[in-house]
Amino acid sequence: MRIGVLGPVAAWTASGTDVAPAGLRLRGLLARLALAPGRTVTAETLVDDLWGSEPASANALQALVSRLRRALGPELVVTVPGGYRLDLPAGDVDCIRAAQRIAEAEQEADPETTRELVGQALALWRGPALADVRRLPFAGPAADRLDGARAAAVERAAGLDLLLGRAAGSVEPLTALLADQPLRESAAAALSRALHATGRQADALAVLDRTRDRLVEELGVDPGPELAGARLDVLRGVPAPSAPVPRPSRLAPPPPLTSFVGREADVGRLRELLGTGRLVTLVGPGGAGKTRLAREACPEGPVAELAPLTGPDQLAETVLAAVGSPELLIRQEEHPDSVERLVAAVGRRELVVILDNCEHLIGACAVLAGTLLGRCPAVRILATSREPLAVPGERLHPVEALDDRAAVRLFADRAEAVAPGFDAEAHAPAITEICRRLDGQPLPIELAAARLRALSPEEILTRLDDRFRLLTTGARTVLPRHQTLRAVVDWSWDLLDEAERTLARRLAVFAGGATADAADQVCGDGLDDPFTTLAALVDKSLVVAVPQAGAPTRYRMLETIREYARERLAASGEEPATAARHAAWTVALVERAEPELRGRDQLRWLGVLRAEAGNITGALRRAVAEQDVPTAYRLVAGMFWGWLIRGATGESMGWVRAVGEMPTGDAPLDVLARFTAFRAIEALGRGEMAEAQRHVARATVQAESVPQPRHPALDLLVPLGEAFAIQDQAPLTSISTTHPDPWVRAFALEIRATLSENAGLIDLERELVRAAHTLFTQVGDRFGLGMTLTTLGELEAWAGNAEAAASAFEEAIALATELANDDDLPQYLVRRGGLAARVGDHALARKLYTEALEMLDGAEYASPEMVRVSLAELDRLEGDLVAARARLADIDPTTGGGIAVPQRRAHLSVQRALVELAAGDLARTAEHLADAVEAGDESRDGPVVGMVAETVAQLAMARRDREGAARALGVAEARRGVLDLGDPAVVALLDALGPGALRREVVDLPPQDGLDVLRDQVRLR
């Protein structure tokens, strides 16, 4: 396939058939991709280039791409991360091939060969470039450049024809070119020379006169030196052509003094933007690396350094000096206005002019850029600024933070320069955190690396809270505002007006960014138009606007700018009032979200709370530090359920402990009662049962004074307390059937199901959990559904219905994933993994166990040891007893504490017993099972005792004690309510024992007697 853009858009097959599809945007898409063959064109760029300001969606672009694939074949239009690529050799696009021929001609010394190469390039044009798609936003500038290249090639060919004595062949193409561009002085000069060489002196002078007159009439300018020189040659009758006028040239820029790290994709994107637009502005905060990026993207572009300028009157002269060319020989008295001299100097030259550091002269830069773009058709401008120029046609390229890897590479590179032999790998964690704390911004990272002459990375990290005193050792040769971190931010701050400074310093109270509405409520006091001011701060790169899928845009400050703004807020005297408004806003948000976390809008409100997590944590820290009792208690009471359903156990328990140490003071009574109940949960998490019971008793008294309607937690408090403390389930049973709130009934039913499970009442458990599942489905609580599904899956697994169990566990996993519940999700993964292990899918089991372990490792209240127990079980099932035994030997069931230590100990001892049983060591099996029986007794957990009893039965069978095996299985059924028919070992036991195997007399034994049966069985030799 060959693609043509030098004329109407075309796509030729190997046979020469044009298969380019019809349709303006469809042909435009083909052309736009063809202008960058083999390179990714982002979806954002394509939408901008094909639709411009018209509304368009990603779906519209995808539909267009699908149609293009149908026309050209799917292998040519490739989807890549972030965009699309035309998978075609560059030489198969005519404009690229033409450029290659012209580039080859520039390097060729032989005029005849040069003329042939230029002719080959010209032969590729079939008419005006992109002729049928010029209405599209990208096509005009791109076509102008392509047609400009053709015009330059025509003139180049004419000069070569003149040199080779074949001038007559150039007259027709030059005449056509001048007719199309009647003000093109270089074409007029070339045509006059060609006419003169063929003996047509009068015609040559007529061309020159006509062009001169039009320049004066239409542009008000005199002809340039090239036209004047050609006229002089014709009048003098110079018989031979002059030597070609050397093209304006600039010295190659010196190589940079430091390496360029982490911006390779930005360079490609900039060159792409400059390929389709004439004004591109790099925007970003001070220290982001805009200047270096601009110079890397356009190494040959003249650079006008504007930072030292103090007024707009210096601007044009500075750019004129940077542009520098032979045309600057234009005398100042002929063009006393510096802007006019700059326009004359640039003329029709193809240039990319870099306007560096425009922000303090933003208005003047915008006017000058508009003038150059309007009057110099071949010039392009690459600007760097902390805010856009706001000139029509401007394309913005935000200079984002370096990614983590690039930031660390930059630190390591600059570290090596100041501390030769520096070992970055040895300090990787500290360097990574330094780069994160410095927002991935290159200049602060370089300033931090410079401190390695005196400090280690770890010491630098500990001092970053005082970053403005720490980072003061920039290079002496750079601009003063880049020598210290404070100077970088001072420069931006000083460019703000008073309203912008007021809003910026107040925004520092937000620890995690803010929506526009939140910024207005907290920071808008006394400001005429807070949102307009906020938008101005975004434009000036002091605030970053971060779009959110399906949620309001968030506005955040880089950490360095926020620290600076916090200093300004403290100095202003506004900090207490601003912090109080922030606390009030945070409390209102949390309390508005709390009831929604038990219903259908659960995910949306969890998303809101996650987005505001930094602000909530910041408000809590401030409330605890300042002993703001009402705020602290209300925030914890409002957040506790949200923390619980997303598994943020460490966070919730930490705040309960911290706030629990504060006086209760002015805390509202309903908030205090809930908080006290949550203290009981925190105590249970530490395994402190007596302390938990004291908190429950206190919360019960407090709740009695709270009028109805009350928070669900307060209505559940007494029924739950009595069910667990004195085994009186009557209040819980009552509330599970009569409470007006279906969520409360569902929760009570789920707790009743758990208590029934512990008592071995399997049929009642199934009935209760199904009723709870129905109610949780009705109210839309994913957390409650996850609990009930896990219980249902467990019941199906015990019944031997592996497929139904898998379905329930997988649905629970999906729900926990939606909630991002890092506490429940690992448990659900382990349940599903255990099921996979039992049916022989060991690869899936290991994958799920590994995922769960990665999630749990390092969590304060988690128990990764139990996942390792499951991995050891898998080792045993695969026959690797050595690995299983070694893994189990390293596990401590008390790690993580809490009330489930006996259950964990029982599981561990059972697996150790099963390893020794598989190894044939019945004595050691019995030792481990003796410990498992005692742990089961301590747990008071029916299913755990059932598991232990089934393992005791396996030991009995290995001893050829069929009667003992039958008695142990009877105990298992009594305590769990059912045998585990999903366990192949239990099924094998039942098959071996035959019908009626269980000793029924043990089924009705009291729990303690059943445990004594197990103890006796284990002790048998």
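Q: How do E12 and E13 pair, and over how many bridges?
A: Strand E13 covers residues 551-556, and E12 pairs with E13 in the antiparallel sense over 4 bridges. Pairing here needs at least two DSSP bridges between two strands. Strands (E, at least two residues) and helices (H or I, at least four) are DSSP runs, numbered from the N terminus.

Q: Before I go on, what kind of model is this?
A: This is a predicted model: local features need pLDDT of at least 70, side-chain atom pairs count only at pLDDT 80 or more, and totals for chains, interfaces and linings use all residues. Residues are numbered from 1 along each chain as its sequence is written, and side-chain values use heavy atoms, with hydrogens and water left out.

Q: OK, back to E13. Which residue there is the bridge partner of Val546?
A: Arg554 in E13 is the bridge partner of Val546.

Q: And what's the strand order in that sheet?
A: The sheet is open, with 3 strands in the order E11-E13-E12 and antiparallel pairing. E11 (514-515) and E12 (544-548) are the edge strands, each pairing on one side only.

Q: Switching to E9: how many of its residues are buried?
A: 7 of its 7 residues are buried, so E9 is mostly covered. Buried means under 20% relative accessible area, exposed means over 50%, and partly exposed is in between (1.4 Å probe, protein chains only).

Q: Which residues sit on each side of E9?
A: Val379, Ile381, Ala383 and Ser385 are on one side, with Arg380, Leu382 and Thr384 on the other, and all of them are buried. In a regular strand, side chains alternate between the two faces of the sheet.

Q: What does E6 do with E9?
A: E6 (residues 279-283) pairs with E9 in the parallel sense over 5 bridges. Within E9, Leu382 is the bridge partner of Val280.

Q: And E8 with E9?
A: E8 (residues 351-356) and E9 also pair in the parallel sense, over 5 bridges. Here Val353 has Ile381 as its bridge partner in E9.

Q: Is Ala390 buried or exposed?
A: Ala390 counts as exposed because its relative accessibility is 66%.

Q: What about phi of Arg960?
A: Phi of Arg960 is near 65°, again positive in a residue other than glycine. Arg960 sits in the loop between helix H45 (942-958) and helix H46 (962-976), and Arg960 is exposed, with a relative accessible area of 77%.

Q: While we're on the backbone, which peptide bond is cis?
A: The one from Gln708 to Pro709 is cis, with omega near -5°. Pro709 lies in the loop between helix H32 (689-704) and helix H33 (712-725).

Q: New topic, cores. Which residues touch the most other members of the largest nonpolar core?
A: Leu507, Phe510 and Tyr633 do, out of 111 residues in that core. Helix H29 (residues 629-645) gives the most to this core, with 11 residues. A nonpolar core is a set of buried Ala, Val, Leu, Ile, Met, Phe, Trp, Tyr and Cys residues joined through side-chain atoms within 4.5 Å.

Q: What is Tyr633 in contact with?
A: Leaving aside neighbours within four places in sequence, the contacts of Tyr633 include Val659, Met662, Pro663, Leu672 and Phe675. Contact means heavy atoms within 4.5 Å.

Q: Where does a second core show up?
A: A second, separate core of 44 residues includes Ala11, Leu46, Leu61 and Leu124.

Q: Last one, Ala190. Where is it found, and what does it touch?
A: Ala190 is found in helix H8 (residues 185-197). Not counting residues up to four places away in sequence, Ala190 touches Ala158 and Leu174. Ala190 counts as buried because its relative accessibility is 16%.

Q: And how far apart are Ala190 and Leu208?
A: They're 18 residues apart in sequence and 10.0 Å apart in space, C-alpha to C-alpha.
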